[in-house]
Amino acid sequence: MVDLNSDVGESFGAYTLGNDDEVLTYVTSANIACGYHAGDHTVMARTTALAKQHGAAVGAHPGFPDLGGFGRRLMEVDPEEIYHLMVYQIGALQGFCETENINIRHVKPHGALYNQAAGDPDTAEAVVEAVKRINPGLILFAPAGSKLVKTGRQKSLTVASEVFADRTYQPDGLLTPRSQPDAVLKDPDQAAERILHMLSSGEVEAVDGTKLPVEADTICVHGDTPVALQFLDRLYHMLRQCDVTLQIPGDSQ
């Protein structure tokens, strides 16, 4: 059993990113942008309703306040401010969920905040504390093998260990920076085979050939890429053909 998630709700104002309506037909969990790196109040409302319509679990996708850089640029933000920006964004999405009579199920930090929390204990602590203070029943999505996974579990949160279908890995287990040419996979078949290997073997091959142990509770396909639908379609059908059950984290079979 595994969850399939995607980052959605990343349009804002007059700008449209991704194809949320079609993406949400494939995924079991939707990570909705909360207005800092992408999204706005209208997009959040629309995407929350759309996720409910498709039966996808709704999660908050908070990031650094960096609309111009899509939340993918590192920022010098101290842990107290990281805690506050997490609370602010999760709380905003919680309001839209209440209008739809649904609950937030999970939280997944975005972009540079996600990567920073993966390796920096103070950032991980701030992220985990915000999630726990808002609702200790929320599931934290965190990169497999990271400090964020370890911190979340130490603080008694339920953590879904996340792997990526469309990204490559460094020998230290972190994602390859997008500034490098081999950071993003472009072949849906290759991506699907890599995921199947992760699920069957519990390992992934880094860009230098290093074999890394991975725990895969949830699989991400980024919704803002031009080939997102091809990746999702190939992965979705491959998993079904291999008798892998797609299931929201925390749900009983």
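The model is predicted, so local features need pLDDT of at least 70 and side-chain atom pairs count only at pLDDT 80 or more, while totals for chains, interfaces and linings use all residues. Residues are numbered from 1 along each chain as its sequence is written, and side-chain values use heavy atoms, without hydrogens and water.

**The whole chain**

The protein chain has 8 helices and 9 strands; these are DSSP runs numbered from the N terminus, with helices (H or I) of at least four residues and strands (E) of at least two. Its radius of gyration is 17 Å, close to the 18 Å from the globule rule for 253 residues, so the chain is as compact as a globular protein of that length. That radius is taken over C-alpha atoms, and the rule is 2.2 Å times the number of residues to the power 0.38. Along its principal axes, the C-alpha trace spans about 40 × 35 × 35 Å.

**The barrel**

Let's look at the strands. Seven of them form a closed barrel in the order 1-2-3-4-5-6-9, with parallel pairing. Two strands pair if DSSP finds at least two bridges between them. Strands 1 and 2 pair over 4 bridges, and Ser6 stands opposite Ala30 in strand 2.

**Helices on the sheet**

Contact here means heavy atoms within 4.5 Å. Angles run from 0 to 180 degrees between N-to-C directions, with axes fitted to C-alpha atoms, for helices over the stretch in contact.

| Helix | Strands touched | Angle |
|---|---|---|
| Helix 4 (residues 111–119) | strand 5, strand 6 | about 80° with strand 5 |
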